[in-house]
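User: Could you walk me through the salt bridges in this one? I'd like to go pair by pair.

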Amino acid sequence: MVRPDVQTIWGWLDEVPDPEIPVISVVDLGIIRDVAWDGDTLEVAITPTYSGCPATSIINLDVETALRDRGLDNVRLKQQLSPPWTTDWLSAKGAAKLENYGIAPPSPAGGPSKCPRCGSGDVERVSQFGSTPCKAHWRCLSCLEPFDYFKCI
Amino acid sequence: MSAALFETLLRLGDNTLVLGHRVSEWCGKAPVLEEDIALANTALDLIGQTQMWLSYAAEVEGAGRSADDLAMLRDVWDFRNILMVERPNLDFGHTMMRQFLFDAYHRALLSGLAGSGDPRVAEIAAKAVKEATYHLDRSAETVIALGDGTEVSHAKMQTALDLLWPYTGEMFHSDEADAEMVAAGVIPDPEGLRPAWMDTVTATMAEATLTLPDSNFAHKGGRTGKQHTEHLGHMLTQMQWLQRAYPDATW
């Protein structure tokens, strides 16, 4: 078979949703570190968000399945730890989708600038930890809704 | 295989494994929902770090064992964690005080290991130190809130500090394996971590209105495997029973 070019494969991977936050793709999340052909084998380097993130094995499975569905049989996934994942790698497109979904995107200030639901800046932290390792639990003091904040790391 | 490197990796991985398991024992019964989630998340990070340390340990050993084999099929005397992390949780205050004393050490240790001459050790540490940093933010905040809280919470935190203090010295002890790894540029000198740890502890306890015990006595024997407390065996019967009862079970 003809080897699809790497750019095309990046496009395919951009259609693989994150299992916990399905509105963003694994590419948006910044965890796909490299896609390269090694002879007839496609090698994809993936980095974990948090060491203990239970989604890691599901993400590997989803990536592999997506590539096989496109007809790629020789796929090798490798874990790449260094440099460690940072929220700086979240794409601008991903950040916008998160906010639209109701999750405040990471902000260098260390907290959300506004409530993702009503837009008020009057927000407070409930807990540094939330529903998944990558999120913190916040609430809006204007609309009183609780919301997730994708924390900076 | 390098025996000293294997020993070092077990010490790193067993600390996070045993503490991770202890912290996970709170899952579903912490005082409030937010704390329950925070404890479970912390445990998850620690178990994730364990996976990285013990996977590397298994490779270094080269005996065909996996990280799971090391975690689930070793007996008490083969564990290399410090005694402090195997202590039972007791109350929430004791759990958080133990977490704080460990986190302050863990952050200092991992910061040093991020500059290790062993590239695998360096990359695992660089990943883990980010997590240790926010663990420390939270445990310090909680220790301060409870120490400088009500009369009851203050008394419980002082009791916890007094109980745990003799277990902190073991973090800075070293033996021949450490000396070999320090000389090889793989790990920082354990004793050299003490000043940074002490600064963090002193500042936090002052804010928490708690008094540091005036004693340097240190229980030891965990990180050498010479003598664990009676608690570790009981913990392992819980943690390992499934793999012991149904060897090689997967799901």
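Analyst: A salt bridge here is a side-chain nitrogen of Lys or Arg within 4 Å of a carboxyl oxygen of Asp or Glu. In this model, which is predicted, B:Asp178 and B:Arg11 form such a pair, with their closest N and O atoms 3.0 Å apart.

User: OK, switching topic: which pair crosses between chains?

Analyst: One such salt bridge brings together the side chains of B:Glu141 and A:Arg125, at 3.0 Å from N to O. The pair runs from helix 6 (residues 119-147) of chain B, which holds B:Glu141, to strand 5 (residues 123-127) of chain A, which holds A:Arg125. B:Glu141 is partly exposed, with a relative accessible area of 44%, and A:Arg125 is also partly exposed, at 38%.

User: What about A:Glu64, what does it pair with?

Analyst: A:Glu64 forms a salt bridge with A:Arg68, the closest N and O atoms being 2.8 Å apart. The two residues are separated by about one helical turn, because they are 4 residues apart in helix 2 (residues 55-69) of chain A.

User: Last one, how many salt bridges over all chains?

Analyst: The count comes to 24 salt bridges over all chains.

Note on methods:
Residues numbered from 1 in each chain as written. Chains lettered and ligands numbered in written order. Predicted model: local features only at pLDDT ≥ 70, side-chain atom pairs only at ≥ 80, totals over all residues. Heavy atoms only, no water. Buried < 20%, exposed > 50% of the residue type's maximum accessible area, 1.4 Å probe, protein only.
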